[in-house]
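Subject: Structure handover

Hello,

Here is the structure for you to look over. My notes on what turned up follow below it.

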Amino acid sequence: MEAVSSSGVLPLGKVSGSDYRNFTQKLSMPCPETRSFMSTHCRSSEHLKGLQLLNSFNKRNPVGQAFSSAGAYTYVGSDAESPTRAVEEKVGVLLLNLGGPETLHDVQPFLFNLFADPDIIRLPRLFRFLQRPLAQLISVLRAPKSKEGYAAIGGGSPLRKITDEQAQAIKEALEAKNMNVNVYVGMRYWYPFTEEAIEQIKKDKITRLVVLPLYPQFSISTTGSSIRVLENIFREDAYLSSLPVSIIQCWYQRQGYINSMADLIEKELQSFSEPGEVMIFFSAHGVPVSYVEDAGDPYRDQMEECIYLIMQELKARGNSNKHTLAYQSRVGPVQWLKPYTDEVLVELGQKGVKNLLAVPVSFVSEHIETLEEIDMEYKHLALESGIKNWGRVPALGCTPSFITDLADAVIEALPAAMAMTTPPSSSKEVSLDPVTFKHQI
């Protein structure tokens, strides 16, 4: 079986050193003009230092937990004995997201779960025994300030509610396309946890699964971390290890997503008295530089390409606004991706920029980093720095065009679903952070 299907979805597994060069060559394909579903990073091989990350997340993985209305979908797949044989499938769609504390009481345990993740705080192997004690210390120290932030937006994160709404909307969009599915929500650091979602998937006896992380771009710390957890769970379960799964690793380059973002930006530009004079300010969640330079995280390259595609769409519509990209939400003493959002806002004010439209480009749901960090902290800083007119594009949420495109992505990914395989214990493997997998020919 080909490692790269026509839809661009890859099977899961472990990659041996001898196979990896072939694998990355196949993945360094250009984006098709239609920008239909792809799970690879759309850049030349020179920019794919860490493509093992991007590729390993496209293995197998289910998560889920919320909108589980039973349903069967008639699917003619490659596992059918003949092209005319229809195989009755019970299809599941697993939405992956970060999760967030729903009350102030949840904040400290949520932070512990976050910092206990080795893909968030990456300790040298020799010191990994300190992961949980360090997470406990950091969560206790950071909890008071974090509680202030959550209190400012109503006492908890709206992320679960919004993700549930997106799950229901995707289910309805798929039903409108004559595809009856169970849609599940699995959170990485709070309820409903990934493990809960997977248990429900097993109870529902799902026979084919599409995993859809709600992160447009891939990063070790988001999609990669969730896929690592899924892979570990699947490896230990006979039912799950044989379940055909397809993972949509990233989807920032899909035309439906690009159009939806451009629609929201255009709408908000019209709220300014002089739309053409507005600086479009993309603010993305940051990651430590070491993730990109040492671990090969493709996040920065994907983010830059994402911004390019959005701006190209806006220019095609007659919008020639200037734009810039910065990274927010850094924590700790290590260097994060630059430029930093707070520093750029000050610089723009000093340069005389008066009209600014903030675009939270790596977030598809409102949560503390949009509602408190951008809407309160950064807005205050911008106005204090000399910017006179501030606007902010809302997160995509349940925007119909966005939801429809995600439904299309699920349909396009389904034929590539493959069962997880366990490599022979004697095979020589290369550790690919955060997920390891086998290249299957």
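Start with R330: this residue lies over the face of Y340, at 3.8 Å from the ring centre. A charge counts as sitting over a ring if NZ of Lys or CZ of Arg is within 6 Å of the ring centre and within 35 degrees of the ring normal. R122 does this too: its charged end sits over the ring of Y291, 5.3 Å from the centre.

Two points on the source. The model is predicted, so local features need pLDDT of at least 70, side-chain atom pairs count only at pLDDT 80 or more, and totals for chains, interfaces and linings use all residues. Residues are numbered from 1 along each chain as its sequence is written, and side-chain values use heavy atoms, with hydrogens and water left out.

Now the aromatic rings. The search of the whole structure gave six aromatic pairs. Rings of Phe, Tyr and Trp (its six-membered ring) pair if their centres lie within 6.5 Å; planes under 30 degrees apart are stacked, over 60 edge-to-face, the rest tilted.

One of the pairs is W251 with Y257, edge-to-face, at 5.4 Å centre to centre and 85° between the planes. W251 also pairs with F402: this one is tilted, with 5.7 Å between centres and 45° between planes. W251 lies in the loop between β6 (244–247) and α9 (255–269), and F402 in helix α14 (residues 400–413), so the pair ties together parts that are 151 residues apart in sequence. Helices (H or I, at least four residues) and strands (E, at least two) are DSSP runs, numbered from the N terminus.

W251 is at 1% relative accessibility. F402 is at 1% as well, so F402 counts as buried.

Elsewhere, ring pairs join W190, Y191 and F193 in a cluster.

Last, strand β3 (residues 91–97). Seven of its seven residues are buried. V91, V93, L95 and N97 point one way from β3; G92, L94 and L96 point the other way. In a regular strand the side chains alternate between the two faces of the sheet.

β3 has parallel partners (strands pair if DSSP finds at least two bridges between them). With β5 (residues 208–213) there are six bridges, and V91 stands opposite R208. With β4 (residues 182–187) there are six bridges, and L94 stands opposite Y184.

Best wishes

Methods: Buried < 20%, exposed > 50% of the residue type's maximum accessible area, 1.4 Å probe, protein only.
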